[in-house]
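This report describes a single protein chain for a reader new to structural work. Please keep the sequence and the structure in view while reading.

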Amino acid sequence: MEQELQLSVETAMESIPSSVHVSNHDDISTPEIESTGIEEIDNGEYWPLSGKPYVDIILTKTTVKPHYGMYLPRKMNKELPAAGAPAVLTCGRKKWDMFYYSNNNKFSAEWKKFVDDNDLKVGDALVFELSECSTNKIHFKVQILRGDFPSELLPEDEEGATDANPIEL
């Protein structure tokens, strides 16, 4: 039986015109993605916004250590389930599961892990882009924009270099 099958496969292959290429998939290569030269973009940490709802937040001392309280702006309320829902934050190639409480616009205690894993600090900015939303799941893609201002750009007289007197762009 096996020999008959082999013969019928060979016969079928002989009947294919020579202009047709039959692949055994050994010659298929994975396309190489060209690097932008910017590590954060190549790793999926930054991307253009897609047009879906988003909010941007500059972190304060209440959103990071030791308080860890993240409240989304009220303008996002109309996009999110009224009863709250499990939430996933994706940043780069990592994901964090938590819960979003709609009654106070706040993420659950797992927010602390997101902050600590990403070493977030006062002055960092986050962009939360709502990529999926239902009563069963909320998914945000999050971009982190570090608040570290390059020292070579700080004014020599230090004006604008403190929390009390910030640099406005």
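How many salt bridges does the structure hold? The structure, which is a predicted model, holds five salt bridges.

## Confidence in the model

The average pLDDT of the chain is 75, and 60% of the residues score at least 70. Residues 4–13 have a pLDDT under 50, and the model gives this stretch one contact beyond four places in sequence. Residues 15–33 also have a pLDDT below 50, with four contacts beyond near neighbours in sequence.

Where pLDDT is low, the predicted coordinates should not be read in detail. This caution applies to residues 4–13, where pLDDT stays under 50, and to residues 15–33, where the value is below 50.

## The sheet

Six strands form an open sheet with mixed pairing, and their order is β1-β5-β6-β2-β3-β4.

On the β6 side, Ile138 is the bridge partner of Ala87.

## Salt bridges

Lys112 and Asp116 form a salt bridge in which the closest N and O atoms are 2.9 Å apart. Both residues belong to helix α3 (residues 111–117) and are four residues apart, about one turn of the helix. Asp116 is partly exposed, with a relative accessible area of 29%, and Lys112 is also partly exposed, at 39% relative accessibility. Lys113 and Asp117 likewise meet through their side chains in a salt bridge, at 3.1 Å from N to O. This pair, too, lies in helix α3 with a spacing of four residues, about one turn of the helix. Asp117 has a relative accessible area of 39% and is partly exposed.

Another salt bridge joins Glu132 to Lys137, with 3.9 Å between the closest N and O atoms. Lys137 is partly exposed, with a relative accessible area of 33%. Glu132 counts as partly exposed as well, at 36% relative accessibility.

## Aromatic pairs

A pair of aromatic rings is described by the distance of the centres and the angle of the planes. The structure has nine aromatic pairs. One of them is formed by Tyr100 and Phe107, which are edge-to-face, at 5.9 Å centre to centre and with 65 degrees between the planes. Tyr100 and Phe107 are both buried.

Phe128 and Phe140 form another edge-to-face pair, with 5.6 Å centre to centre and 85 degrees between the planes. Phe128 lies in strand β5 (residues 125–133) and Phe140 in strand β6, so this pair ties together parts that are 12 residues apart in sequence. Both of these phenylalanines, Phe128 and Phe140, are buried.

Which residues do ring pairs link into a cluster? The cluster consists of Trp96, Tyr100, Phe107, Trp111, Phe114, Phe128 and Phe140. The two pairs described above, Tyr100 with Phe107 and Phe128 with Phe140, therefore have their residues in this cluster of linked rings.

Conventions: Residues numbered from 1 in each chain as written. Predicted model: local features only at pLDDT ≥ 70, side-chain atom pairs only at ≥ 80, totals over all residues. Heavy atoms only, no water. pLDDT = per-residue confidence, 0-100. Contact = heavy atoms within 4.5 Å. Pairing = 2+ DSSP bridges. Helix = DSSP H or I, 4+ residues; strand = E, 2+ residues; numbered from the N terminus. Salt bridge = Lys/Arg side-chain N within 4 Å of Asp/Glu carboxyl O. Buried < 20%, exposed > 50% of the residue type's maximum accessible area, 1.4 Å probe, protein only. Phe/Tyr/Trp six-rings, centres within 6.5 Å; stacked < 30°, edge-to-face > 60°.
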